[in-house]
Amino acid sequence: KDLAFEPATMSSSGGSGNFLLVPIPEYPPLDCVPNKTVKIVVLGASNVGKTALIVRFLTKRFIGDYEANTGALYSRKVALDGEEVSLQIQDTPCVALQDDAEGLHCQEQINRSIYWADGYVLVYSITDLHSYRTIQPLYQHVRRIHPSGNIPVILVGNKSDLLRARQVPADEGETLAATLGGVYFEASARENHEGVHATFLHLCQEVVRALGGGNGEKRRGGLHLARPKSPNMQELKRRFRQVLSSKVKSSTAL
Ligand SMILES: Nc1nc2c(ncn2[C@@H]2O[C@H](COP(=O)(O)OP(=O)(O)OP(=O)(O)O)[C@@H](O)[C@H]2O)c(=O)[nH]1
C-alpha cells in the first residue's frame with residue numbers, strides 16, 4: 001500500500017468542525033535505523049495554533065479545545081524523499097513581547113529548544129496582529145542563539161479559515177518571511193491537512209539540505225510518517241477522548 005499521505009476521512013461531529021472520529025492509521029514502522037535526525041521546534045505567541053498544527057501534521061486530526069502548551073516532544077521515523085530520517089518536533093509554551101515591544105519573554109526551556117533545533121516553524125494567527133508583531137523579535141532571539149549559519153525557517157500564518165476575523169493581510173506574511181530568509185505558508189490546522197503537511201514537508205527538506213543531506217535536487221516521494229510511537233501520542237489520545245466525550249455529553253444533553 002502506498003504510504004503517501006491520504007487526507008483522512010474526517011466526519012464532522014455536528015456543528016463545530018472536524019474532531020477525531022477515525023483511528024490513527026497504522027503505517028508499518030520503517031525497518032531501518034534512520035541515519036539522520038531532523039529536529040524542528042515550533043515557536044510563537046499564545047493561542048496561535050502551534051499544538052494544533054503539529055497534531056494535524058502528525059495525526060491528520062484537529063484538536064478543537066484549548067489547553068495551555070506544556071511543550072511536548074514528538075518523535076517519529078519518516079521516509080523523506082526516499083531517505084529514512086528520525087523526525088523530532090518540539091512544541092513550546094508561548095512567547096510574549098515585553099512591554100517595550102522590543103524584547104521577548106522567553107522561558108529557559110524555549111531557549112534550550114531553539115539551541116537544539118535544526119529548523120524553525122514561526123507561527124502567528126492571521127486573526128491576531130499582536131502575534132504577528134511577535135515574530136520579528138522572536139526571529140532576532142533565535143538569531144542571538146544561532147548567530148551564524150543557515151537556519152531553515154518557515155513562517156506560518158495560521159487560522160486562515162477565520163477570514164472574517166483576519167487582522168494580518170497575506171502579503172504582510174510574505175514580506176516578513178522574505179526578511180527572515182524563509183518561506184511564508186498560510187495554513188489552517190482546523191480545515192486543511194494538505195496545507196499543513198506541505199508546510200512541514202518543506203521545512204524537513206530544507207533541514208536535510210542544510211544538514212548536507214540530499215544532493216540538492218528535489219526527489220520524488222515526499223514525506224511518509226511511520227506509526228505514532230512517541231509517549232506524547234498517548235497524551236494526544238487522552239485529549240481526543242476528552243474532546244469526544246464532551247461532544248457526546250453536549251449532544252445527549254440537548
Ligand atoms: N479556527 C481555527 N482555530 C484554530 C486553528 N488552529 C488552532 N485553533 C484553535 O486555537 C486554539 C489554540 O490552539 P493551540 O494549538 O492550543 O495554540 P498554541 O499556540 O499551542 O497555544 P498556547 O498553549 O497558548 O501556546 C485552540 O482552541 C485551537 O482549537 C485553526 O487553524 N483555525
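A residue counts as buried when its relative accessible area is under 20%, as exposed when over 50%, and as partly exposed in between, using a 1.4 Å probe and protein chains only. His-141 has a relative accessibility of 13%, so His-141 is buried. The model here is a predicted one, so local features need pLDDT of at least 70 and side-chain atom pairs count only at pLDDT 80 or more, while totals for chains, interfaces and linings use all residues. Numbering starts from 1 along each chain as its sequence is written, and side-chain values use heavy atoms, with hydrogens and water left out.

His-141 sits in helix α4, residues 135–145 (helices are DSSP runs of H or I, at least four residues, numbered from the N terminus). Leaving aside residues up to four places away in sequence, His-141 touches Leu-104, Cys-106, Asn-111 and Ile-114, where contact means heavy atoms within 4.5 Å.

Next comes a pair of helices. The axes of α1 (residues 50–59) and α6 (residues 193–210) come within 9 Å and cross at roughly 95 degrees. Axes are lines fitted to C-alpha atoms, for helices over the stretch in contact, with angles from 0 to 180 degrees between N-to-C directions. On the α1 side, Leu-53, Ile-54, Arg-56 and Phe-57 make the contact, and on the α6 side His-193, Val-196, His-197 and Phe-200 do. By class, this contact has five nonpolar, two polar and one charged residues (nonpolar: Ala, Val, Leu, Ile, Met, Phe, Trp, Tyr, Cys and Pro; charged: Asp, Glu, Lys and Arg; polar: the others, Gly among them).

Conventions. Helices (H or I, at least four residues) and strands (E, at least two) are DSSP runs, numbered from the N terminus.
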